Amino acid sequence: FQIEIIMYIKNIPELKTYVEIILKQKSHLVFPTNENLSRLESIRNSNVIFRIFHKMEEGSMRGVTFIFIRLCIGVGILTLPYYMRVFGGLLGGLIFLLAAYVNYLMYAYLIEVGNKTGLQDYIILTKRFTPVIIQKLFKFTYLFDLTSTVFFTQIIVFNMFQYLLSFTNLPPDDWYEDKELLKFKTYYGPVFLMRFIYNIVSVLLLLPFLFKPDLGALKTLNNNFLLVLIFLCSFIFIEMGFFKKNLQKMDNFSVDYLVTKPTPEWLGSFFGVMLAFYAQQYFFSIRKELMHPTTKRLKKTSFLAMTLLFVLFLLVGNI
């Protein structure tokens with residue numbers, strides 16, 4: 001709303017003073033100061049090594065790229081090896097590359113539309129440019145986008161909690177459906193009660209973070225979430241050799257390094273990979289973090305984020 005007002009009255013001389021007052025309140029979110037512009041110019045004129053490794057200032061492209069990457073990374077990263085197995089090594093890598101490129105095009109489209117219309121809010125853009133039926137569908141999908149990472153993380157963490165209990169031999173035998181595979185009876189009374197208590201406690205702990213008004217307030221939660229994912233990926237990587245050694249003893253063990261036989265799983269897996277690069281619901285919050293959000297800098301930030309995510313996901317997918 002603030003930006004719409006600015007776009008409407010910025011050319012009216014009598015209101016110029018009021019516009020300047022508004023811009024000064026959040027100058028780093030709209031236009032950088034002369035000092036910051038000079039700093040940006042000196043960075044552009046520096047060598048590549050300095051541009052990559054110099055100290056990150058508030059609103060720097062590297063810092064915002066890292067935020068972008070962190071918000072894209074969800075629990076879906078743990079499913080990437082499965083998708084790579086579905087497609088095969090070479091085709092899987094190409095699918096990952098295609099997903100990164102398509103997502104970059106979507107972010108580039110948001111950048112163009114946002115900058116040309118002056119609308120810097122995902123919900124307002126949806127209301128302005130989509131039919132009513134799409135808006136109704138959007139309300140559901142947008143809520144799901146915002147909450148899915150949290151709830152999927154809860155499920156994974158709870159499963160890890162159950163497995164840790166199994167290693168301590170605390171749960172009695174009647175809790176298991178298959179003790180050898182560490183498979184619990186999901187709806188068995190004590191197990192169901194344990195899951196219920198876990199969900200209530202975790203939601204109560206997360207509520208203060210979920211009701212924060214801006215992206216900055218969620219950084220701590222996202223950092224902790226990223227640390228959990230790093231721990232999980234490291235744990236899986238360490239176990240990889242043991243799993244491979246045991247799997248190779250099985251008669252039906254095989255690895256498709258090029259392309260697998262086409263199956264209906266290909267379609268669902270493609271959209272699963274697409275979602276691994278998806279953070280559209282957070283894009284305009286990310287945009288506000290960038291000190292000088294020109295079209296060129298925003299597209300460059302999006303391109304860097306998608307490229308680094310592609311490399312990371314390719315490595316994880318091949319674990």
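Good morning. I begin with Asp 121, which is partly exposed at a relative accessible area of 32%; on this scale buried means under 20%, exposed over 50%, and partly exposed in between, with a 1.4 Å probe and protein chains only. Asp 121 sits in the loop between helix H8 (89–117) and helix H9 (122–129). Helices (H or I, at least four residues) and strands (E, at least two) are DSSP runs, numbered from the N terminus.

Before going further, a word on the source: this is a predicted model, in which local features need pLDDT of at least 70, side-chain atom pairs count only at pLDDT 80 or more, and totals for chains, interfaces and linings use all residues. Residues are numbered from 1 along each chain as its sequence is written, and side-chain values use heavy atoms, with hydrogens and water left out.

To return to Asp 121, a polar atom of its side chain lies 3.0 Å from the backbone nitrogen of Ile 124. Asp 121 is also 9.4 Å from Gln 281, C-alpha to C-alpha, although 160 residues separate the two in sequence.

Is Gln 280 buried or exposed? Gln 280 is buried, with a relative accessible area of 9%, and is found in the loop between helix H13 (265–276) and H14. Its side chain makes a polar contact of 3.1 Å with the side chain of Tyr 122. A polar contact is a pair of N or O atoms within 3.5 Å; within protein, one must be able to donate a hydrogen and the other to accept it, and residues adjacent in sequence count only if both atoms are side-chain atoms. Beyond its neighbours within four places in sequence, Gln 280 is in contact (heavy atoms within 4.5 Å) with Met 106, Tyr 107, Leu 110 and Tyr 122.

On a 1 Å grid over the protein atoms alone, a cavity is a set of points where a 1.4 Å probe fits but cannot get out, and a pocket is an open set with protein on both sides within 12 Å along at least five of seven lines; lining residues have an atom within 4 Å of a point. Grid points are joined across faces, edges and corners, and a volume is the space filled by probe spheres set on the points.

The largest pocket has a volume of about 1900 Å³. Of its 43 lining residues, those closest to the centre are Pro 81, Ile 236, Phe 243, Leu 247 and Ile 319. Which element gives the largest share of this lining? That element is H12, with 10 residues.

Helix H6 (61–72), helix H14 (283–289) and helix H15 (295–317) each give two or more residues to its lining. Among the lining residues are Val 64, Phe 283 and Arg 287.

Finally, the whole chain. The protein has 15 helices and two strands, and 35% of its 319 residues are buried. Average pLDDT, the predictor's confidence in each residue from 0 to 100, is 78, and 78% of the residues score at least 70. Confidence is highest in H8, at 93, and lowest in helix H3 (residues 27–30), at a mean of 43. Over residues 21–29 pLDDT stays under 50, and the model has 14 contacts beyond four places in sequence for them. Thank you.
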